[in-house]
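Welcome! Please take a look at the sequence and the 3D structure below, and then walk through the notes topic by topic.

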Amino acid sequence: MEILAKLFGSKVRVRVMRYVLAHEKDSFDVATVAEALKISTIDVRRELKLLENVTFVKKTTYSKQTIKKKGKQEYIEKKKTDGYKINASFVYLDNFKNLLLEKEELAPLEVFEHFKKLGKVDLFLMSGVFQGNTQQNIDLVIVGKALKKAKIEEKIAEIERFIGTELKYAIFVTAEFEYRYMMYDRFVRELLHTEHIEVVNELTLK
């Protein structure tokens, strides 16, 4: 019971735990978590230290990839970094997955409420993390007319901070999406055939 009392001591801790659970197969450092959750590195370092103390995470060394720029060219820099990873043998791991990644917290209609006034949404699909699958290639698809893309991305960032992980998403203008579908665009076709939750669909695709 002492472990549980420590784990549920703050909202920041819960957000960090969600991030760790959503990145179960990854290694990460303090800076990566702080940037993803928009939390100070001091707070993240403190929470990860506590999570290490109760064996929820363990220390590791990994190759961190960072996108760098040289002039107009971008390149990937790999650097050996001290960080953390989830402890797969943590005694309450499955319980916390069910509790903290519970998909009912992100009910489809509640998620859609954030976006329905940001343009005429013709297609709204949720998959991936919203169905408990962090390995899927897409989490959110939004297709519509007069979409306020900047505002949509702000809302997506808010959801990311809530669930503790980055979302893989695609935003399309309806005409472009329909054209690509008619041209048998592989990416668009796969979006529709991937397991998903269909929240809104006002398209008439053949």
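## Strands, helices and rings

In strand 7, Glu198 is the bridge partner of Leu125. Strands and helices here are DSSP runs numbered from the N terminus, with at least two residues (E) for a strand and at least four (H or I) for a helix. This is a predicted model, in which local features need pLDDT of at least 70 and side-chain atom pairs count only at pLDDT 80 or more, while totals for chains, interfaces and linings use all residues. Residues are numbered from 1 along each chain as its sequence is written, and side-chain values use heavy atoms, leaving out hydrogens and water.

**The four-stranded sheet**

- Strand 4 (residues 120-126) runs antiparallel to strand 7, and four bridges pair them; two strands count as paired if DSSP finds at least two bridges between them.
- These strands belong to an open sheet of four strands with mixed pairing, in the order 6-5-4-7.
- Strand 6 (169-173) and strand 7 (197-201) are at the edges with a single partner strand each, so one side of each has no neighbour in the sheet.
- From one strand to the next, the twist averages 10°.
- As a reminder, strands of a sheet pair through backbone hydrogen bonds, either parallel or antiparallel.

**Helices on this sheet**

- Helix 7 (residues 149-163) packs on the sheet and touches strand 5 (140-145) and strand 6; contact means heavy atoms within 4.5 Å.
- The direction of helix 7 makes about 160° with that of strand 6; axes are lines fitted to C-alpha atoms (for helices over the stretch in contact), and angles run from 0 to 180 degrees between N-to-C directions.
- Helix 9 (residues 186-193) lies across strand 4, strand 5 and strand 6, and runs at about 115° to strand 6.

- Another open sheet has three strands in the order 1-3-2, with antiparallel pairing.
- Strand 1 and strand 2 are its edge strands, each pairing on one side only.
- Strand 1 (residues 27-28) is joined to strand 3 (residues 73-86) by two bridges, and Ser27 has Lys85 in strand 3 as its bridge partner.
- Strand 2 (residues 57-70) pairs with strand 3 over 14 bridges, in the antiparallel sense.
- Along this pairing, Ser63 stands opposite Lys80, and the bridge partner of Lys70 is Gln73.
- Strand 2 and strand 3 form a hairpin with two residues between them, and Gly71 in the turn has a positive phi of about 70°.

**A helix pair**

- Helix 2 (residues 11-22) packs against helix 3 (residues 30-37) at an angle of about 110°, and their axes are 11 Å apart.
- That makes helix 2 roughly perpendicular to helix 3 (the term covers 65 to 115 degrees).
- Arg15, Val16 and Tyr19 in helix 2 meet Thr32, Val33, Ala36 and Leu37 in helix 3.
- The residues of this contact divide into five nonpolar, one polar and one charged; Ala, Val, Leu, Ile, Met, Phe, Trp, Tyr, Cys and Pro count as nonpolar, Asp, Glu, Lys and Arg as charged, and the others, Gly among them, as polar.

**Aromatic pairs**

- How many aromatic pairs does a search of the whole structure find? The search finds ten, where rings of Phe, Tyr and Trp (its six-membered ring) pair if their centres lie within 6.5 Å, and planes under 30 degrees apart count as stacked, over 60 as edge-to-face and the rest as tilted.
- The rings of Phe90 and Phe96 have centres 5.9 Å apart and planes at 15°, so this pair is stacked.
- Both Phe90 and Phe96 are buried (buried means under 20% relative accessible area, exposed over 50%, and partly exposed in between, with a 1.4 Å probe and protein chains only).
- Phe172 and Phe187 form a tilted pair, with 6.3 Å from centre to centre and 45° between the planes.
- That pair links distant parts of the chain, with Phe172 in strand 6 and Phe187 in helix 9, 15 residues apart.
- Phe172 is buried at 4% relative accessible area, whereas Phe187 is partly exposed at 39%.
- Phe56, Phe90, Tyr92 and Phe96 are linked into a cluster by ring pairs.

**Positive phi angles in loops**

- Most residues other than glycine have a negative phi.
- Ala146 is not a glycine, yet has a positive phi of about 50°; Ala146 sits in the loop between strand 5 and helix 7 and is exposed at 69% relative accessible area.
- Tyr184 has a positive phi of about 55°; Tyr184 is found in the loop between helix 8 (174-182) and helix 9 and is exposed at 61%.

Notes. Parallel < 35°, antiparallel > 145°, perpendicular 65-115°, else oblique.
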